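This briefing is intended for reading alongside the sequence and the coordinates. The points are grouped by topic.

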Amino acid sequence: MLTNAINIQHSDILYLALSKCKLVEEEDLLLHKINETVVHCKLCPRLSKYIREVGKTKTKMFMNQVYWARPVPTFGDPKAKLLVIGLAPAAHGGNRTGRVFTGDSSGDWLVRALYETGFANKPTSVSRDDGLILKEAYLTAAVRCVPPLNKPELSEISNCSHYLLVETKILEKTTKVILTLGKIAFDAYRSVCNVKGLVFGHNKIYPVFDGKTLIVSYHPSKRNTNTGTLTWQMWINIFQTARSIINGERP
């Protein structure tokens with residue numbers, strides 16, 4: 001049984017992916033097992049060293065906090081209809097709090113949009129125990145450790161692709177919309193799902209497979225939001241579109 005796969009190695013991960021998670025009730029457990037493996041992952045020495053260094057040096061605002069400083073697990077509803085794929089945890093966000101899109105400005109933008117479109121019970125994401133509950137949405141990332149300068153190497157993206165592949169397989173029975181934030185997330189999704197012939201660009205909408213829809217967005221990084229490359233109206237429109245597709249209100 002898949003539920004007996006306690007110690008998931010890469011070969012086991014590929015096996016799980018091929019099995020396509022035949023039992024719906026296993027989804028929550030399988031996501032938990034994947035996250036257990038992620039947290040203990042040491043496939044990328046450069047990233048392992050960097051996240052520990054960030055956890056020690058910290059930043060002035062959070063100097064008195066104990067940083068997570070490990071690979072960051074994913075989070076959300078195991079029967080998600082919306083799968084959101086980001087770049088990587090933030091150095092003083094997910095790498096500090098231990099939850100993806102939590103405790104940083106990108107998380108603020110994301111969770112507020114999820115709340116305003118009915119995917120979250122509250123508009124903020126500050127810590128693992130803040131009571132945030134996602135409904136019909138799951139949050140993941142192309143890379144599970146914060147990379148220096150937010151620039152992961154191709155080998156690091158490849159190492160994490162095994163985890164992303166399995167998550168897409170676990171969630172494929174319920175997923176209707178996949179939302180990629182930024183080009184790295186877009187390319188990572190295309191790679192693991194073997195989707196070809198698509199071009200990156202904000203608010204591009206593509207039919208992919210099994211009736212699913214891929215929505216492409218700029219990443220809500222400070223670099224994009226502070227410069228107006230990504231405005232709030234551009235951002236919230238993405239989630240309104242996702243909600244409309246999930247509700248069957250548009251093709």
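Glu156 touches Cys44, Arg46 and Leu47, leaving aside residues up to four places away in sequence. The model is a predicted one. Its protein chain has 251 residues, of which 55% are buried, and its secondary structure comprises 9 helices and 6 strands.

- Glu156 belongs to helix H6, which covers residues 154–171.
- The relative accessible area of Glu156 is 3%, so the residue is buried, the limit for that class being under 20%.
- The side chains of Glu156 and Arg46 are joined by a polar contact of 2.8 Å.

**The chain as a whole**

- Of the contacts in the protein chain between residues at least 6 apart in sequence, 69% join residues at least 24 apart.
- The protein chain exposes about 11900 Å², and 54% of this area is supplied by carbon and sulfur atoms.

**Helix H9**

- Helix H9 takes in residues 232–246, a run of 15 residues.
- H9 is mostly covered, with 11 of its 15 residues buried.
- Gly248 follows H9 and has a positive phi, near 75 degrees.

**Aromatic rings**

- The structure contains 5 aromatic pairs.
- One of these pairs is formed by Phe200 and Tyr218; their ring centres are 6.2 Å apart and the planes make an angle of 45 degrees, an arrangement described as tilted.
- This pair links distant parts of the chain, 18 residues apart: Phe200 is in the loop between helix H7 (183–192) and strand S5 (204–207), whereas Tyr218 is in the loop between strand S6 (213–217) and helix H8 (222–227).
- Phe200 counts as partly exposed because its relative accessibility is 23%.
- Tyr218 also counts as partly exposed, because its relative accessibility is 27%.
- Trp109, Trp232, Trp235 and Phe239 together make one aromatic cluster.

**Arginine over aromatic faces**

- Arg96 is placed over the face of Phe62, at 3.6 Å from the ring centre.
- Arg243 is placed over the face of Phe119, at 3.9 Å from the ring centre.

- Which phi value does Lys58 have? Its phi is positive, near 60 degrees, although the residue is not a glycine.
- Lys58 sits in the loop between helix H3 (45–57) and strand S1 (75–76).
- With a relative accessible area of 21%, Lys58 is partly exposed.
- Leu149, another residue that is not a glycine, has a positive phi of about 60 degrees.
- Leu149 is located in the loop between strand S3 (137–141) and H6.
- Is Leu149 buried or exposed? Its relative accessibility is 74%, so Leu149 counts as exposed, the limit for that class being over 50%.

Methods:
Residues numbered from 1 in each chain as written. Predicted model: local features only at pLDDT ≥ 70, side-chain atom pairs only at ≥ 80, totals over all residues. Heavy atoms only, no water. Phe/Tyr/Trp six-rings, centres within 6.5 Å; stacked < 30°, edge-to-face > 60°. Helix = DSSP H or I, 4+ residues; strand = E, 2+ residues; numbered from the N terminus. Buried < 20%, exposed > 50% of the residue type's maximum accessible area, 1.4 Å probe, protein only. Lys NZ or Arg CZ within 6 Å of the ring centre and 35° of its normal. Contact = heavy atoms within 4.5 Å. Areas by Shrake-Rupley, 256 points an atom, 1.4 Å probe, with all protein chains shown as cover. Expected span 1.5 Å × (residues − 1). Polar contact = N/O pair within 3.5 Å; in protein donor to acceptor, adjacent residues only side chain to side chain.
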